[in-house]
Amino acid sequence: MKRQVKLIVGLALSIICLCFSILLITDAIPTSPKKPKYVFYFIGDGMSFNHILGTEQFFAVKEGKGEIERLNFSKFATRNFVTNYSVSHPVTDSAAAGTALATGCKTANACIGVDIHDNELRSILDVASEQGYMIGLVTNVGINHATPSCFYGHTSDRFGFPKLVNDYISSDVAFIAGSTIMDMKSGPEDPKYEKVTTAQLAERIRNAGIHLTLDIEEAANTTGKRVALVANDKENKHVPYVIDRREGDDYHTLLNHSKAALNYLQREAKDGFFLMIEGGKLDYAAHEQDAVATFYEVREFAQAVQLALDFAEQHPDETLIVVTADHETGGMSLGWDHYEIRMNMLLEQRSSAVQLTKTMQKMRAEGKREWKDYKQLLSDEFGLWSLVPVTPEEEKLLKDDFYNIFLKYGPMVDGLYNKSEFIVYHAIGILNRHASIEWTSLYHTGMYTPLFTKGVGEKRFLECRDQTEIPRVIASLMGGQL
Ligand SMILES: [Zn+2]
């Protein structure tokens, strides 16, 4: 009998303890945020803090504002910064960084969607598919360039463009948009690469039943089919920089392609969508150390973010917006000269360094060989002499470049994606110097990259210390795992 009483008391105590524990546990579990139905993932290729701040400063001066106006995403209340080194290098390339942002795993430079042992990695797109999200990818460089292809592709060689097209075809990407389909001319001359042209790759995509079009309206309004929207399906040619846009060039833009993607996904996606938008040309401009071209690209990237912000207003409590970058490009710093930054020195730059190189080469081909014509061009397009007070030493440098290199030999400065004539490279250097902007690299640097989040689960990103954690958090919010 005594034993029975003991047993009952023991049992009662255990139940009370259990109830307390459950109460405590329930109390300790934070209420998990609602699953976002719409996920926007923005990647500014090469965009770090100074590209953003420089853009804000430049347009404040250009538009005559008394003080800088922050870009929409730089005003997000939830902000963070992350490391981005790769397994092989302290400074990542877009392949390893894209893989990190797409799969949550670090890999070596040049690797796309594979680890250092060439094992294929699961991507956030796999999670999106499993969870019923429709997928869209938008860029303003090639649809099989490093960043977008890290989401759907797998290769240890980022120049394996035809293989990446095959991977795209067999992926779950419903809508893709970009400037072109990169062919093998875009990669190194090596017999191991499959020799196919952009036109042949376009044909390959069409033969797979995907609606490949150059018509933005048509792409936006296509129903029941996968869509590939490109500005060029014949040759590997990119859309011009924003600063170089002239009459008729404002059709195939990052903004218009993003609008088309959003239109398509809003209509076609029954259970939500995942949309990645990359500002890819931003990186190209920074590789050329072309500050103004970079600022225009960052601003258009922010305009694409605005689309997501407007969408989120219509779908509050259902949308997540993540804005980040893969790495920093150019080692851009603002204010090398005695606490000054003079954005006003840049106000008369009317074309990019790349465009100016093309114009000069055309003039040379037409037989123009007089310094005064080129000096006039530098004045008209960059504001040298007319706005920027070029010193005698600087003028001598440009003249020497003109006579000794440009007219005689024509070697170029290799900015990775585009080559500049030395005279243009030095002219852009003079512009930077007078504006008190300095660049330390023609490639990438290892500095922190920014992270801005808004919407469902935005605070979860405050935990991120490295870029690999970003897709893991997105995956977990979407109800899956990476
Ligand atoms: Zn780059």
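The C-alpha centres of domain 1 and domain 2 lie 30 Å apart. Domain 1 covers 38-332 + 443-477, and domain 2 covers 334-438. These bounds come from an automatic or database domain assignment. The contact between them takes 21 residues from domain 1 and 21 residues from domain 2. Two residues are in contact if their C-beta atoms, placed from the backbone, lie within 7 Å. On the side of domain 1 that touches domain 2, the elements giving two or more residues are α2 (49-62), α10 (281-287) and α11 (291-314). Of these, α2 gives the most, with seven residues. The residues on this side of domain 1 divide into twelve nonpolar, five polar and four charged. Here Ala, Val, Leu, Ile, Met, Phe, Trp, Tyr, Cys and Pro count as nonpolar, Asp, Glu, Lys and Arg as charged, and the others, Gly among them, as polar.

The structure is a predicted model, in which local features need pLDDT of at least 70, side-chain atom pairs count only at pLDDT 80 or more, and totals for chains, interfaces and linings use all residues. Residues are numbered from 1 along each chain as its sequence is written. The pLDDT is the predictor's confidence in each residue, from 0 to 100. It averages 92 over the protein, and 90% of the residues score at least 70. Residues 17-28 have a pLDDT below 50. Beyond near neighbours in sequence, this stretch has zero contacts in the model.

The protein has 16 helices and 15 strands. Helices (H or I, at least four residues) and strands (E, at least two) are DSSP runs, numbered from the N terminus. Along its principal axes the C-alpha trace spans about 115 × 55 × 45 Å. Among contacts with a separation of 6 or more, 73% join residues 24 or more positions apart.

Of the 482 residues, 50% count as buried. A residue is buried if 20 or more other C-beta atoms lie within 10 Å of its own, exposed if 12 or fewer, and partly exposed in between, with C-beta atoms placed from the backbone. The largest nonpolar core holds 138 residues. Such a core is a set of buried Ala, Val, Leu, Ile, Met, Phe, Trp, Tyr and Cys residues joined through C-beta atoms within 7 Å. F40, V322, A427 and I474 touch the most other members. The element α11 gives the most to this core, with twelve residues. I474 touches V39, Y41, I124 and V322, not counting residues up to four places away in sequence.

Two loop residues were also examined. P316 lies in the loop between α11 and β8 (319-325). P316 is exposed, because 9 other C-beta atoms lie within 10 Å. P316 and V456 are 140 residues apart in sequence and 8.7 Å apart in space, C-alpha to C-alpha. N72 lies in the loop between α2 and β2 (78-82). N72 counts as partly exposed, with 17 C-beta neighbours inside 10 Å. Leaving aside neighbours within four places in sequence, N72 is in contact with A302, V305, Q306 and L309. N72 and E393 are 321 residues apart in sequence and 41 Å apart in space, C-alpha to C-alpha.
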